[in-house]
Amino acid sequence: MTTSKKEQLPEDRYEDRSLDVALRPKAWDEYIGQKNIKKNLKILIDAAGERKEPIEHLLFYGPAGLGKTTLAHVVAKETNASMKISSGPAIEKVGDLASVLTNLAPGEILFIDEAHRLNKSIEEILYPAMESRSLNIIIGKGASARTIQLELPPFTLIAATTKIAALSAPLRSRFSGGTFKLEPYETKEIEKIIERSAIILGVKIDDEAAQKIAERSRFTPRVANRLLKRCRDFAQINKHKVISQDIVEQTLQLLEIDEKGLENTDRNIILTIIKKFSGGPVGLQTLSAATSEDSATIEDVYEPYLIKLGFIERTPRGRKATPHAYEHLNITNPGQQNTLL
Ligand code: ADE
């Protein structure tokens, strides 16, 4: 089952799917970064393997593009389990979940992406399914309503979310194998990912060029791979055999990506806060209307990086542009001027 609500996800998740699958690491030795998570998961997997049991339920969270799905695939591969993939918005009715769960083979993994978008009635079916492998379904209504209980095969649920706080506490507590937070990657790790991806794509890339892409990849493998593919296209069209620093520079200029990795939309968000709302604070919904960007996309895709760079701040009254943002966009900060006087 796949999600039917593509348009509500960042569009680059759907770009060049087959190529993205090819770039995905398949095993631990290919998986770069997230050292601590790897260490913990390896022990969990090996121990469960010795006991000949499926691994316990896992929850992965962190910003979009850091490889939560990739990690789930690696776990499946390392445990020799097959994996069914679904997502919060795709499981609309209790019957959808019942059908997925009852069709699992023993030992199979069910991966649910965007778990924060599961509705409450679905979450409630999941509790006993995760805890005691029982599926309780109510048939009928009113006085004639009956609950039937089905036993499920042993299975592992791996859920992924960008918004851990939006998951109910009872659901969170049922991930008995653990909850793992994926951290933004180090620039050096992104560089290694780019070098590995270049080999898979069959393109040559200079060390300095890989470094330049890495520096502008928002500490995110998905962005790094996307930029690498665009540099490869540029090099190919211009008959260059190697992706050099110069090729990267020209490609990023064409894509209007600046030296901090900001794209037009990022700059538009900051500029809107500065120009239309005097630097803020401005509420998320107002900012969404003023920029014509979906509020969830601002919150999940753009804002985390702008906050990480220290360009915007979240306050109880809304988003504010910081002095760093004014400096980066070369705009005089009236607040700063006053403090100097
Ligand atoms: N591609 C995406 N994430 C990756 C990772 N962590 N290691 C290697 N390649 C990747």
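**Domains, sheet and salt bridges of a predicted model**

The C-alpha centres of domain 1 and domain 3 are 36 Å apart. The bounds of these domains come from an automatic or database domain assignment, which divides the protein chain into domain 1 (34-181), domain 2 (187-254) and domain 3 (264-340). This is a predicted model, in which local features need pLDDT of at least 70 and side-chain atom pairs count only at pLDDT 80 or more, while totals for chains, interfaces and linings use all residues. Residues are numbered from 1 along each chain as its sequence is written, and side-chain values use heavy atoms, with hydrogens and water left out.

The description starts with the sheet. Helices (H or I, at least four residues) and strands (E, at least two) are DSSP runs, numbered from the N terminus; two strands pair if DSSP finds at least two bridges between them. An open sheet is formed by 5 strands in the order 2-3-6-1-7, with parallel pairing. Its edge strands, strand 2 (83-87) and strand 7, each pair on one side only. On average, neighbouring strands of this sheet are turned by 15 degrees against each other, direction ignored. Such angles run from 0 to 180 degrees between N-to-C directions, the axes being lines fitted to C-alpha atoms, for helices over the stretch in contact.

Strand 1 (residues 58-61) can be followed to both of its partners. With strand 6 (residues 156-161) it runs parallel, joined by 4 bridges, and I158 in strand 6 is the bridge partner of L58. Strand 1 and strand 7 also pair in the parallel sense, over 4 bridges, and here F60 has F180 of strand 7 as its bridge partner. F180 belongs, with G178, to the covered face of strand 7 (residues 178-181), whereas T179 and K181 form the uncovered one. Helix 2 (residues 35-50) lies across strand 1 and strand 7, running at about 155 degrees to strand 7.

Buried means under 20% relative accessible area, exposed over 50%, and partly exposed in between (1.4 Å probe, protein chains only). A90, in the loop between strand 2 and helix 4 (94-102), counts as buried because its relative accessibility is 9%. Within helix 4, L97, A98, V100 and L101 are buried. They lie on the same side of helix 4 because they cover an arc of only 165 degrees around the axis, the arc being that of the directions from the helix axis to the C-beta atoms. The buried residues of helix 4 pack against strand 3 (109-113), helix 5 (120-132) and strand 4 (134-139), where contact means heavy atoms within 4.5 Å.

The whole structure contains 22 salt bridges, each defined as a side-chain nitrogen of Lys or Arg within 4 Å of a carboxyl oxygen of Asp or Glu. One of them joins K84 to E108, with the closest N and O atoms 3.4 Å apart. K84 lies in strand 2 and E108 in the loop between helix 4 and strand 3, so the pair ties together parts that are 24 residues apart in sequence. K84 is partly exposed, at 33% relative accessible area, whereas E108 is buried, at 7%.

In another salt bridge, D266 and R218 bring their closest N and O atoms to 2.8 Å. This pair ties together parts 48 residues apart in sequence, because D266 lies in helix 11 (residues 264-276) and R218 in the loop between helix 8 (207-215) and helix 9 (221-237). D266 is buried, with a relative accessible area of 0%, and R218 also counts as buried, at 11%. Finally, salt bridges that share partners join K163, E299, D300, E303, R314 and R319 into one network.
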